[in-house]
Amino acid sequence: MWKFPGAGRGSCGTCGRTGMDSFFKNQMEHTEARVSTRELPSSHHEVPEGWFLCEFDFDWNIGCDTMGGAWVVKNNRGIILEHSRRAFSGVKSRNEAKLQVWLWVLESMQSMKKRKVRFVSTCGDFVEAIERPHLWSALHYEVSEIKKELHAIKAWELRIGSWESVRSVSFIAQSVKSLGLTQSYVAAGHPRWLDHLFANERHSSGA
């Protein structure tokens, strides 16, 4: 299932530099319209020494057979250690999309021996359901599946992030459909085609 460094970047060449630049420009213009006035508290981005920060997102639309998912892992200094992208197919609903991405992210952290992790996503309903299952009976199945995987992680925290707080990883997820990058992979650092975006993120966070 996994392909390691170079697999994803090699596939980028098939879409062409022009297409990639156009995608990034369109996404940045779209971002300006979507950014809310509520900033994610800086504490969400700061984890204790020995912990990891995992930000993840997905890109799914009704009627589309293909979905993109992505995660990035940072250390306590905010430095990106690894990132991953995966293409999913046959996803029929938004809740199914969220569940598949959650399980993939959790399994990835286990396989990479990340023992203490803070997870940040825009899946507010799932986070609330995990913490207050009695109020979210409709998500009982999804919660039970996610908790099975969480039990394998020594220590974890769940945080709800605003869209702008995970926009970098969101761009990676969107590239599956927008750029046709359907090859799944894990790689060190961040995608080189998003250098400028991650550089701005590091500058804003002071990393």
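Which residues of α4 are buried? They are G124, D125, F126, V127, A129 and I130, where buried means under 20% relative accessible area, exposed means over 50% and partly exposed lies in between, computed with a 1.4 Å probe on protein chains only. The model is a predicted one, in which local features need pLDDT of at least 70 and side-chain atom pairs count only at pLDDT 80 or more, while totals for chains, interfaces and linings use all residues. Residues are numbered from 1 along each chain as its sequence is written, and side-chain values use heavy atoms, with hydrogens and water left out.

**Overall architecture**

- The protein has seven helices and six strands, which are DSSP runs numbered from the N terminus (H or I over at least four residues for helices, E over at least two for strands).
- Along the sequence, these elements follow the pattern α-α-β-β-β-α-β-α-α-β-α-β-α.
- Of the 207 residues in the protein, 49% are buried.
- Among contacts (heavy atoms within 4.5 Å) between residues at least 6 apart in sequence, 73% join residues at least 24 apart.

**Helix α4 and its packing on α5**

- Helix α4 is mostly covered, with six of its eight residues buried, and these buried residues pack against α3, α5 and β5 (155-160).
- Helix α4 (residues 124-131) packs on α5 at an angle of about 75°, with the axes 10 Å apart; axes are lines fitted to C-alpha atoms, for helices over the stretch in contact, and angles run from 0 to 180 degrees between N-to-C directions.
- That angle makes α4 roughly perpendicular to α5, given that angles of 65 to 115 degrees count as roughly perpendicular, under 35 as roughly parallel, over 145 as roughly antiparallel and the rest as oblique.
- F126, A129 and I130 of α4 make this contact with E142, V143, I146, K147 and L150 of α5.
- By class, the contact of α4 with α5 has six nonpolar, no polar and two charged residues, with Ala, Val, Leu, Ile, Met, Phe, Trp, Tyr, Cys and Pro counted as nonpolar, Asp, Glu, Lys and Arg as charged, and the others, Gly among them, as polar.

**Helices α3 and α5**

- Helix α3 (residues 94-111) and helix α5 (residues 140-150) pack at an angle of about 5°, with their axes 9 Å apart, which makes α3 roughly parallel to α5.
- On the α3 side, N95, L99, W102, L103, L106, E107 and Q110 meet Y141, E142, E145, I146, E149 and L150 in α5, and by class this contact has seven nonpolar, two polar and four charged residues.

- Helix α6 (residues 167-178) is mostly covered, since nine of its 12 residues are buried, among them F171, I172 and V176.
- After α6 comes G180, whose phi is positive, near 70°.
- K74 lies in strand β2 (residues 66-74) and is buried, with a relative accessible area of 6%.
- The side chain of K74 makes a polar contact with the side chain of E55 at 3.4 Å; such a contact is a pair of N or O atoms within 3.5 Å, and within protein one must be able to donate a hydrogen and the other to accept it, while residues adjacent in sequence count only if both atoms are side-chain atoms.

**Confidence**

- The mean pLDDT, the predictor's confidence in each residue from 0 to 100, is 81, and 74% of the residues reach 70 or more.
- Over residues 1-20 the pLDDT is below 50, and beyond near neighbours in sequence this stretch has 32 contacts in the model.
- Over residues 23-43 the pLDDT is below 50, and this stretch has 32 contacts in the model beyond near neighbours in sequence.
- Where pLDDT is low, the predicted coordinates should not be read in detail.
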